[in-house]
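Please examine the sequence and the model shown here. The explanation that follows begins with one residue and widens to its contacts, the fold and the surface.

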Amino acid sequence: MKDVKGFLSAILDSITDHITVIDSSGIIQYVNKSWTEFASQNGCLIKEKWQGINYIEACDQASEVDSDYGKQVSQGIRSVINQTIENFYFEYPCHSPKQKRWFMMRVTLLNMTNKITLSSLTKTSRNANSQNKK
């Protein structure tokens with residue numbers, strides 16, 4: 001196989017979870033198609049040039065402006081990087097003006113590369129159903 005990187009990118013782009021890979025300092029190395037499409041569809045100022053942005057710093061800045069979620073996420077990512085925990089899971093709201101929605105973030109260390117994967121799975125339907133039952 002000549003183009004291993006292209007092949008692996010195609011695999012990650014076929015996954016509907018929003019996936020990014022960061023290095024041990026938090027710098028984004030890769031985002032998949034679902035990540036960029038979600039950002040574009042939701043008014044994110046960054047459309048496609050995610051590489052080089054520090055994800056951990058962005059979480060820290062978000063916690064200063066809006067909520068405690070960013071702080072919890074950055075602490076969880078740092079714990080995975082420092083290998084004090086193996087995985088970090090975090091459920092969080094990310095509502096749009098038209099829809100209430102929740103996501104589950106999973107942070108995992110890629111042992112072979114010293115890189116970290118972050119993936120977010122939409123959980124809106126489950127949470128919407130549980131909210132409606134209350």
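Arg-78 has a relative accessible area of 33% and is therefore partly exposed; buried means under 20% relative accessible area, exposed over 50%, and partly exposed in between, with a 1.4 Å probe and protein chains only. The model is predicted: local features need pLDDT of at least 70, side-chain atom pairs count only at pLDDT 80 or more, and totals for chains, interfaces and linings use all residues. Residues are numbered from 1 along each chain as its sequence is written, and side-chain values use heavy atoms, with hydrogens and water left out.

The side chain of Arg-78 meets that of Asp-60 in a salt bridge, at 2.7 Å from N to O; the term denotes a side-chain nitrogen of Lys or Arg within 4 Å of a carboxyl oxygen of Asp or Glu. This pair links distant parts of the chain, with Asp-60 in helix H3 (residues 55–65) and Arg-78 in helix H4 (residues 69–81), 18 residues apart. Asp-60 is partly exposed, because its relative accessibility is 23%.

By this rule there are three salt bridges. Another joins Asp-17 to Arg-106, with the closest N and O atoms 3.8 Å apart. Here too distant parts of the chain are linked: Asp-17 lies in the loop between H1 and E1, and Arg-106 in strand E4 (residues 102–110), 89 residues apart. Asp-17 is buried, with a relative accessible area of 14%, whereas Arg-106 is partly exposed at 34%. Lys-33 and Glu-37 also form a salt bridge (3.9 Å, N to O), and both residues lie in helix H2 (residues 33–41), four residues apart, about one turn of the helix.

The protein as a whole has five helices and five strands, where helices (H or I, at least four residues) and strands (E, at least two) are DSSP runs numbered from the N terminus. Along the sequence they follow the pattern α-β-β-α-α-α-β-β-β-α. Of the 134 residues in the protein, 35% are buried.

On the surface, Val-4, Phe-7, Leu-8, Ile-11 and Ile-15 form a nonpolar patch with about 390 Å² of accessible area together. Patches are made of residues with over 30% relative accessible area and no salt bridge, like charges being joined within 9 Å and nonpolar side chains (Val, Leu, Ile, Met, Phe, Trp, Tyr) within 5 Å; accessible areas come from the Shrake-Rupley method with a 1.4 Å probe, and for residues only the protein chains shown count as cover. Val-4 is placed in helix H1 (residues 4–13) and counts as partly exposed because its relative accessibility is 42%.
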